[in-house]
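Hi,

Here is the structure I promised to pass on.

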Amino acid sequence: DMCHRRLKETTNLNYMVHNIPSQLLHKHARIAEQSYVKGSSKALDGIPVAFKDNFCMRNIPTTCASRMLLNYKPPYTATMVEKVAQAGGIIVGKTNMDEFAMGSGSVDSCYGPVVNPWNFALNLQGQESILDEESSLSDWFISGGSSGGSAAAVAAGACLAAFGSDTGGSTRNPASYCGLVGLKATYGLLSRHGMIPLVNSMDVPGIVTKTVEDSAILLNAVAGHDVRDSTTVQEKYAPFEIDDTFDVSKVYVGIPREFHTPGLSPEVLKLWKATADALEQAGAKVAEVSMPHAKHCLNCYHVLCCCEVASNFSRYTGIEFGLRCGSEESTEDLYAESRHHGFNDVVRGRILAGNFFLLRRNFDRFFLKAQRIRRLISNDFKAVFSSGIHFLLTPTTLTDAPSFSWFSQKDNRTRSAEQDIFTTAANMAGTPAVSLPLSNSQRGLPLSLQLMGPHFSESRLLSLAYWLE
Ligand code: GLN
């Protein structure tokens, strides 16, 4: 945290894309102040919180960092935003992201890439800056994504917590690169109402904070059933409490064999082993476990993601809302032109792939098959957790934050997408997962690991995370 406090924000890190109008800020601040003065303080009174730009806020631009929605001001507000405001939180802005949350770098945004604030942190060896002046102009470490703006905003100290979305790792990945706690709760615990969908069956609002305790506070403020999202669960699981007397010696931790993937950096591997050893020394039982279908995570995720995208994105036609381009003589022309100019290559590629997978002749071979594999992946989790294992410990990302130049090379893009293997599994199974910063790499950047648990095990998951923190 010392590094965080000593962050020097010497340049525009490009994490915030819309500020909240000052009247609204003042209104929220006044409400928080009044409740504080009255002694009726609420969980988030006066706490600055940012939201990824895919959470709708009434009359405030919500663009998903896409040209398609540059002029879109939603007529309603997402439940997560409402709940934060009701709990006294002050919403300070909307954060940058990969267009429509597709990506893991926050490099593919119509506002330009997000810069990782750690570029400007002093490194632990006491050198002035990780990058020399020259290289900081031409190159920098990326924030990760797709919720990179949210992570960078918290890391730079612009807010104490931020919401991202997590469909395949988009909250945990940037949390890992920016040295923060990234929580993806159990599917159904947090309302998706007003969060612009990517893959409805996997999307979960994500919480980025500096500490595990903050993560629990935020989770408690927003968890619960929402009549406007029928996939939220009726049962009341909150409050989630961190048990600071948590008995690690009673814990069984699994290390999934299949997550030893090529490309895992020696530093992350070392941290993974050291953390497993530390748990063992504290009395926990640590055992290698097998999740035989984990190796199919990436392919399966991509087929299902593209299929849901193809269906979801048919709403962006330029007719009702969104960018409108082209001649109005032919409806098809208007759709095609608007979509061509409105979406970037990544989005267009996924729509195309999804429509291909959904063609009548491909439906069984791709969509149905991927659904079956998703079930097998889900069953792997069930089998592991019912065999007596309480939690799984894995890396979150393959390496520390890559540089922009490295990440931008085409081959490396694919290689970097490979690390979604650690994160996508939890989205497909709907289980909770948290990414934790535990160490620093040689070049001074954060290194993180991920803990996963069974559905609705957030209290225990965060308690173990708190112990490790
Ligand atoms: N990197 C993954 C993708 O591009 C995850 C995205 C996400 O979680 N929103 O689909």
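Below is what I found, starting with the ground rules.

Numbering starts from 1 along each chain as its sequence is written. Bear in mind that this is a predicted model: local features need pLDDT of at least 70 and side-chain atom pairs count only at pLDDT 80 or more, while totals for chains, interfaces and linings use all residues.

First, the sheet. Helices (H or I, at least four residues) and strands (E, at least two) are DSSP runs, numbered from the N terminus. An open, mixed sheet is built from 11 strands in the order 1-3-2-4-6-5-10-11-9-7-8, where pairing takes at least two DSSP bridges between two strands. Strand 1 (16-19) and strand 8 (285-289) are the edges, each pairing on one side only. Strand 7 (residues 252-256) and strand 9 (residues 391-395) run parallel and are joined by two bridges; Val253 has Phe391 as its bridge partner in strand 9.

Then a helix pair. The axes (lines fitted to C-alpha atoms over the stretch in contact, with angles from 0 to 180 degrees between N-to-C directions) of helix 9 (residues 297-312) and helix 15 (residues 420-429) come within 9 Å and cross at roughly 60°. Helix 9 is therefore oblique to helix 15 (under 35 degrees would be roughly parallel, over 145 roughly antiparallel, 65 to 115 roughly perpendicular, and the rest is oblique). Cys297, Leu298, Cys300 and Tyr301 of helix 9 make the contact with Asp420, Ile421, Thr424, Ala425 and Met428 of helix 15, contact being C-beta atoms, placed from the backbone, within 7 Å.

Cheers

How values were computed
Contact = placed C-beta atoms within 7 Å.
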